[in-house]
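Work through the exercises below with the model open beside you. Try each task before reading its solution.

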Amino acid sequence: MVDTSPSNPSLERRIGDELKDFAVSAIYLSVCFTAVTYFKFAILQAHGIAFAPFGFAVTKALICAKFMSLGYMAQLGGRHKSLPLIWPVLRKSVAFLLLLLLLDAAEEVIVGLMHARSIMASLAEVSGGTPEQLIARSAVGLLILLPFFAFRELGNIVGSRTLLRVFFEPRQSSD
């Protein structure tokens, strides 16, 4: 028996939209994290240090995409929609960067507790363990999130279909 109540299509549509958002986030973050990992691999290889956790980059992207989905549901950084586009983009980029850094710290603590390390020792390992590495990782993270949220916010203004058409359909010649 098929339920034809109006709530089912909207629920199915919401689930589909959330899965699509998750997939887009996961693919984008996978590409970015893999590129950063490859860059680190190339630098370390030049110094004779073995490093190749490419699967880790994709796994981390999937985890971050899931946390970003939760951030969307909580409308993280979603206030002041009437401001110029730059402000919501910056607000969301910084808010989601802080969320991801906080969750990264929580992950380090959980892994540390599983390996019988203290919370403080685990927190010292966040982002490589040095303030310089934390700053560098935060800067790269912000540079990854800025275009992501710029496109997302622009899509909210002009419509996702229009944005996709502008980027992926041939333009009309003005000649």
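**Exercise 1: The nonpolar patch**

The largest share of the nonpolar patch, four residues, comes from helix α6 (residues 160-168). Helices here are DSSP runs of H or I with at least four residues, numbered from the N terminus. The model is predicted: local features need pLDDT of at least 70, side-chain atom pairs count only at pLDDT 80 or more, and totals for chains, interfaces and linings use all residues. Residues are numbered from 1 along each chain as its sequence is written, and side-chain values use heavy atoms, with hydrogens and water left out.

Task: Which residues form the nonpolar patch on the surface?

Solution.
- Start with the rule. Patch residues have over 30% relative accessible area and no salt bridge, and nonpolar side chains are joined within 5 Å. A salt bridge puts a side-chain nitrogen of Lys or Arg within 4 Å of a carboxyl oxygen of Asp or Glu.
- Now list the members: Phe 151, Leu 164, Val 166, Phe 167 and Phe 168. Together they have about 560 Å² of accessible area, by the Shrake-Rupley method with a 1.4 Å probe.
- Sort three of them by cover. Buried means under 20% relative accessible area, exposed over 50%, partly exposed in between. Phe 168 lies in helix α6. Phe 168 is exposed because its relative accessibility is 67%. Phe 151, at 39%, is partly exposed. Phe 167, at 46%, is partly exposed.

**Exercise 2: Ring pairs**

Task: How many aromatic pairs are there? Classify two of them.

Solution.
- Take the rule. Rings of Phe, Tyr and Trp (its six-membered ring) pair if their centres lie within 6.5 Å; planes under 30 degrees apart are stacked, over 60 edge-to-face, the rest tilted.
- The count is seven aromatic pairs.
- Tyr 72 and Phe 149 have ring centres 6.4 Å apart and planes at 75°, so this pair is edge-to-face. Tyr 72 is in helix α2 (residues 54-73) and Phe 149 in helix α5 (residues 131-158), so the pair ties together parts 77 residues apart in sequence. Tyr 72 is buried at 18%. Phe 149 is buried at 0%.
- Phe 151 and Phe 167 have centres 5.0 Å apart and planes at 65°, so they too are edge-to-face. This pair links helix α5 to helix α6, 16 residues apart.

**Exercise 3: Around a buried serine**

Task: What is Ser 25 in contact with, leaving aside its neighbours within four places in sequence?

Solution.
- Locate Ser 25: helix α1 (residues 7-46).
- Ser 25 counts as buried because its relative accessibility is 0%.
- Its contacts (heavy atoms within 4.5 Å) are Ala 65, Tyr 72 and Phe 148.

Notes
Patch = residues over 30% accessible without salt bridge, like charges linked within 9 Å, V, L, I, M, F, W, Y side chains within 5 Å. Helix = DSSP H or I, 4+ residues; strand = E, 2+ residues; numbered from the N terminus. Buried < 20%, exposed > 50% of the residue type's maximum accessible area, 1.4 Å probe, protein only.
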